[in-house]
Amino acid sequence: MTKSTFARAVLYGYVALFLAYMLLPLVVTAGAAFNDSRFPSVIPWRGATLRWFVDFWHDEQMWRAIRNTVWVGLTVVVLALPLGTAGALLITSVSGKLRILCYGLMVAPMLTPGAVIGIATLLFWANYGVSAGLHLSVLGQTSYIATFVMLLVLARLQSFDRALEEAALDLGATHGQVIRRILLPHLMPALVGGAVVAFFQSVENFNVTLFTRGNSDTLMVYVGSKVRTGITPTINALAVVLIAIAVLGALAYELKRRSVERRIRADERKARQAELIETRG
């Protein structure tokens with residue numbers, strides 16, 4: 001065996017182990033959703049069933065938690081996007097030690113444990129007579145999720161040409177027009193990515209929500225409570241649904257991306273053919 005063949009075999013083996021490590025838990029989780037056993041497991045296999053999906057469909061408490069999770073996630077996106085974008089613009093507009101100070105202050109919430117953020121949010125707003133509830137969960141989550149948006153926008157701003165702003169202002173554009181027609185279109189990929197990251201960061205949040213939710217449940221808190229009181233394969237049925245949504249979403253995105261690439265390549269071929277015809281003519 002040559003050295004290159006051995007290296008290739010090691011690489012392929014590592015990739016196979018990595019994929020197995022990532023995917024086998026999902027396979028086991030999905031398999032437990034179809035096993036006719038009261039405890040989530042695939043061994044011993046007691047027969048195939050869809051009863052856990054039926055129980056999931058009729059679990060009103062879980063659906064209420066899902067609705068709360070979606071509401072909190074969308075509200076966090078609405079708040080985190082402008083806050084994170086404003087923070088990124090502020091950092092790029094200052095320099096020196098002030099920039100380092102602003103960056104450190106804005107990144108600090110992301111490095112703070114979720115339990116600390118949750119308790120701090122609850123105690124702070126209690127001083128002003130605000131009781132616990134999903135509204136405090138939104139505020140607590142936004143305080144650190146906005147940092148993720150800020151980092152994405154900040155990275156996108158590194159490729160922004162400030163000369164475009166100056167040229168637009170010199171030509172008579174207002175600051176609002178510069179933001180709407182030049183800055184925001186350039187930041188749009190980062191804003192879309194930030195919205196997606198903010199939503200899913202909110203969905204998977206547990207610690208902040210646990211301390212601030214009051215009597216309401218979100219999906220992660222509900223699942224956590226079921227783990228303590230007695231979990232059933234209904235949770236596995238939920239996991240199968242979420243996995244299916246993720247896979248279908250990824251496939252839809254990939255098909256859309258390939259369709260756009262094919263259209264771009266077709267347009268480029270037509271342009272080259274037209275240029276060739278014009279040259280020959």
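How many cavities of 30 Å³ or more does the count come to? I get one. Before going further, I note that this is a predicted model, where local features need pLDDT of at least 70, side-chain atom pairs count only at pLDDT 80 or more, and totals for chains, interfaces and linings use all residues. Residues are numbered from 1 along each chain as its sequence is written, and side-chain values use heavy atoms, with hydrogens and water left out.

**Cavity**

My rule, on a 1 Å grid over the protein atoms alone: a cavity is a set of points where a 1.4 Å probe fits but cannot get out, and lining residues have an atom within 4 Å of a point. Grid points are joined across faces, edges and corners, and the volume is the space filled by probe spheres set on the points.

The largest cavity holds about 40 Å³. I found Thr69, Val72, Gly73, Gln141, Ser202, Val203, Thr209 and Thr218 along its lining. Helix H3 (60-93) and helix H8 (175-203) are the elements that give two or more residues to that lining; helices here are DSSP runs (H or I, at least four residues), numbered from the N terminus. H3 gives the largest share, three residues.

I sorted the lining by class: Ala, Val, Leu, Ile, Met, Phe, Trp, Tyr, Cys and Pro as nonpolar, Asp, Glu, Lys and Arg as charged, the others, Gly among them, as polar. That gave two nonpolar, six polar and no charged residues.

**Pocket**

A pocket is an open set with protein on both sides within 12 Å along at least five of seven lines. I read about 560 Å³ for the largest pocket. Of its 19 lining residues, Phe199, Phe200, Leu242, Ile245 and Ala246 are the closest to the centre. H3, H8, helix H10 (219-229) and helix H11 (234-280) each give two or more residues, with the largest share, eight, coming from H11. By class I have 16 nonpolar, two polar and one charged.

**Helices**

Helix H6 (residues 134-157) bends by about 40° at Ser143.

**Record**

UniProt (unreviewed entry) lists "domain: ABC transmembrane type-1" for residues 66-253; such annotations may be inferred rather than shown by experiment. I find that stretch 83% helix and 0% strand. The record's "transmembrane region" annotation includes 178-200 and 235-255. Residues 178-200 are 100% helix, with end C-alpha atoms 31 Å apart. Residues 235-255 are also 100% helix, with ends 30 Å apart.

Terms used. The bend at a residue is the angle between axes fitted to the seven residues ending there and the seven starting there.
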